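Look at the structure first, then read on.

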Amino acid sequence: DTGVSQDPRHKITKRGQNVTFRCDPISEHNRLYWYRQTLGQGPEFLTYFQNEAQLEKSRLLSDRFSAERPKGSFSTLEIQRTEQGDSAMYLCASSSVPGQGLNEKLFFGSGTQLSVL
Amino acid sequence: GQSLEQPSEVTAVEGAIVQINCTYQTSGFYGLSWYQQHDGGAPTFLSYNALDGLEETGRFSSFLSRSDSYGYLLLQELQMKDSASYFCAVRDGSTGGFKTIFGAGTRLFVKA
């Protein structure tokens, strides 16, 4: 399978615990996004990388969230001191974009469903 | 900032045509795309418009008017399997990068 893979598929944690999710993008893709989605809503932008550089992080995102893409391949998203409001589906997507103004086709993983008790 | 508006729900009959509208606001617009998401599934890409006009891909077409900050997705010959959520998304450069921002989605119900 050469699609975007995310691990784990489900995570249940207690409030206050730290969690880490992993995303493996399509191998030749240079851009990687993290989104958060709750029921009945669209994917909410969290952050994105071009190669290993984190280009932008949502201003709405708490400092408890951090993401890395150390070698420009896989990425991790960590949430520290989880809160019940963090419960959501966390989606990763990747793309290969040659330049500005051109079509960006995102390929999504199946997501990690986080439940904070 | 950026904002996208689309209807929350649309219902149509199998075999019919349905149009899902999207209006957007951003100071750095580069293109409008559409994604489909079935319940429990991941969003999948349908189409992209960077220039004004209509793009056709099989039963699906997408339209863009940059001057009106408006686009739509047209689904023809509706099938039951088209029941899903449809998201418009803008390729946005207002903050210096070029990221894709999604709307809240339109839930399409196709009835027999």
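How many residue pairs are in polar contact across the interface of chain A and chain B? The rule finds 10, with both residues at pLDDT 80 or more. A polar contact is a pair of N or O atoms within 3.5 Å; within protein, one must be able to donate a hydrogen and the other to accept it, and residues adjacent in sequence count only if both atoms are side-chain atoms.

This is a predicted model, in which local features need pLDDT of at least 70, side-chain atom pairs count only at pLDDT 80 or more, and totals for chains, interfaces and linings use all residues. Residues are numbered from 1 along each chain as its sequence is written, chains are lettered from A and ligands numbered from 1 in the order in which they are written, and side-chain values use heavy atoms, without hydrogens and water.

**The interface**

β4 (31-37) and β5 of chain A each supply at least two residues of the side that touches chain B. Strands are DSSP runs (E, at least two residues), numbered from the N terminus. β4(A) gives the largest share of that side, four residues. By class, the side of chain A that touches chain B has 10 nonpolar, 10 polar and five charged residues. Here Ala, Val, Leu, Ile, Met, Phe, Trp, Tyr, Cys and Pro count as nonpolar, Asp, Glu, Lys and Arg as charged, and the others, Gly among them, as polar.

Two salt bridges link chain A and chain B. Each is a side-chain nitrogen of Lys or Arg within 4 Å of a carboxyl oxygen of Asp or Glu. One of them pairs Arg91(B) with Glu104(A), with the closest N and O atoms 3.5 Å apart.

**The pockets**

A pocket is an open set of points on a 1 Å grid over the protein atoms alone, where a 1.4 Å probe fits, with protein on both sides within 12 Å along at least five of seven lines; lining residues have an atom within 4 Å of a point. A volume is the space filled by probe spheres set on the points, which are joined across faces, edges and corners.

| Pocket | Volume | Lining |
|---|---|---|
| Largest | about 620 Å³ | 30 residues |

Gln37(A) and Gln37(B) are among the residues nearest the centre of the largest pocket. Its lining divides into eight nonpolar, 18 polar and four charged residues.
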